[in-house]
Amino acid sequence: MNKKAVIIGGGLGGLSAAIRLRSDGYHVTVVEKGERVGGKLNMRGGLGYTFDTGPSILTMPWVLEKLFKSAGRNLSDYLTIKRIEPGWRTFYEDGTTIDLTSDLPVMLEELKKVSEEDANEFFDYLQYCSKMYEYSMKSFYSKSLSGLNDLRSLHSVKELLMMEPLKSMDGVTRKHFKNKKIRQLFNFLIMYIGSSPYHAPAVLSQLTHVQLGLGVYYVEGGMYNIALAMNKLLHELGADILLNTKAERIVTEGSRAAGVELADGRILHADIVVSNLEAIPAYNTLLKDKAGSSQKASDLQKYEPTVSGLVMLLGVDRTYENLAHHNFFFSEDPEKEFHQIFNEGKLADDPTVYVGISAKSDPTQAPAGKENLFVLTHVPPLKEGENWEFRKETYRAQILDKLERMGMTGLREHIEFEYTFTPNDLQSLYGANGGSIYGVATDRKKNGGFKIPSKSTLLENLYFVGGSTHPGGGVPMVTLSGQLTADLIAEHEDKKPQINQDKEIS
């Protein structure tokens, strides 16, 4: 009898797991409460503007290539991916700008503009970051890790020491660079995964190699095409995708998940259940009636949510020639900014603001002579009962003031389309713990830099995927989580079942 897998949630982690499990021979059904797949990777538009409402930066495209290859497909038949240069353009309060580019001679000159001494350290720093990436390819990117014991099994003692577990990411940048602006530039790469460089382990310095060595990419037609490509592949493989369908609870029989009950009362029987809903919300909602569930949720509290964000989608009837595709308007005091957000749990007085303009690389994303601004400001995760409706307008004004002050002159008067997402929206739309954007914060002291284990310790055939699980948040990490969890399922379950691919999925 062919085995069935039910995936709760159609985010990239859920879709990735679905593709792998279907390719491994499972009957697969994806249950998605929204009107389309993609989760936080979504889209919105109006007045001729198109916006990706979630991830806007693609790195490590090999993760997508590997996923499609596992299903016997070529990614290039589904997506057109192009490299973006410069990867970032950064703006400082005193008028300094630095372009972050993988054209290394140009990057060296960019650093020399700020500090000749630090520029001389650049290649040693790059070599260190590249080595951290190599170590991760042996472990973090090859296997679903649940903790230190798993990591130890994949590395020699020498390698573990070379990864400098007691040192922070900021400790690495301080070792190589004296200039505050340059340290801020490389430290801020950690916000790809919503964590603090003062808390995250040194191994995550590899994000500089990911950015400069592997490159920054964009998907032609918009990042949402990644979700559409996965959706198309799943239909070709014969998986079922149920949209506008809410999972009410996970049905259990003893220590096993027996299926998923939908809001309309239907029950989808399953041999494997994979939750793309984060583990803590899943235990508190989908398994709230299961004995031991609340304790499991409590046990996971050390895995704190990453930052949330205020997202403003702005269609403007002009172009900003001084901006690139990806832009960061830095805070004047990064230590204070991160301390306020991560240690005090409050809004930064002077936040760093990201502005993505995909129309810079893809004219189809905005009307001629106009631009689509994706404006993201990181904020602390939601506290219990917190409502952003009372502060949205005040913080919006603060962000627009900063952007106009730092070079986006006349921004307010040129806005003709606007849509805003608050942390409450992120929580209600995607079930994100605290409205988290990137899942679980990477903190070397609180959780050793690890994520929530992908295999449930409550039910033997329940698994988790997404940004809160290994290896973390962001498009490549979330997509990889689905693949590594599928490997974990194959490891823990019986031999991979073989099915007739022509048989219709029930």
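**Leu47**

I started in the loop between β3 (43–46) and β4, which is where Leu47 sits. Helices and strands here are DSSP runs numbered from the N terminus (H or I and at least four residues for helices, E and at least two for strands). This is a predicted model, so I kept its rules in mind: local features need pLDDT of at least 70, side-chain atom pairs count only at pLDDT 80 or more, and totals for chains, interfaces and linings use all residues. Residues are numbered from 1 along each chain as its sequence is written, and side-chain values use heavy atoms, with hydrogens and water left out.

I looked up the phi of Leu47 and got a value near 55°, positive in a residue that is not glycine. Leu47 has 58% relative accessibility, so it counts as exposed. The cut-offs, from a 1.4 Å probe on protein chains only, are under 20% relative accessible area for buried, over 50% for exposed, and partly exposed in between.

Next I checked Glu164, in the loop between α7 (157–162) and α8 (169–176). Its phi is near 50°, again positive without being glycine. With 22% relative accessibility, Glu164 counts as partly exposed. I noted these because most residues other than glycine have a negative phi, and most peptide bonds are trans.

Then the peptide bonds. Glu85 and Pro86 are joined by a cis bond with omega about -10°, and Pro86 lies in the loop between β5 (81–83) and β6 (88–91). His470 and Pro471 are also joined in cis, with omega about 5°. I found Pro471 in the loop between β19 and α18 (475–492).

**The parallel sheet**

I traced an open sheet of 5 strands, ordered β9-β2-β1-β13-β19, with parallel pairing. Two strands count as paired if DSSP finds at least two bridges between them. β9 (240–242) and β19 (462–464) are the edge strands with a single partner each, so one side of each has no neighbour in the sheet. On average, neighbouring strands of this sheet are turned by 20° against each other, direction ignored. For such angles, axes are lines fitted to C-alpha atoms (for helices, over the stretch in contact), and the angles run from 0 to 180 degrees between N-to-C directions.

From β1 the chain crosses through helix α1 (residues 12–23) to β2, a right-handed β-α-β crossover. Right-handed means that, with the strands pointing away from the viewer, the path from the first strand over the helix to the second runs clockwise.

β1 also runs parallel to β13 (residues 272–275), with 4 bridges. There Ile8 stands opposite Ser275. β13 in turn pairs with β19 over 3 parallel bridges, with Leu462 as the bridge partner of Val273.

**The antiparallel sheet**

I then went to an open sheet of 3 strands in the order β10-β11-β12, paired antiparallel. β10 (247–253) and β12 (267–269) are at the edges with a single partner strand each, so one side of each is left without a neighbour in the sheet. Neighbouring strands here are turned by 30° on average, direction ignored. 3 bridges join β11 (residues 256–262) to β12, and Val260 has Leu268 as its bridge partner.

Last, I checked cavities and pockets. On a 1 Å grid over the protein atoms alone, a cavity is a set of points where a 1.4 Å probe fits but cannot get out; a pocket is an open set with protein on both sides within 12 Å along at least five of seven lines; lining residues have an atom within 4 Å of a point. Grid points are joined across faces, edges and corners, and a volume is the space filled by probe spheres set on the points.

I got 4 cavities of 30 Å³ or more.
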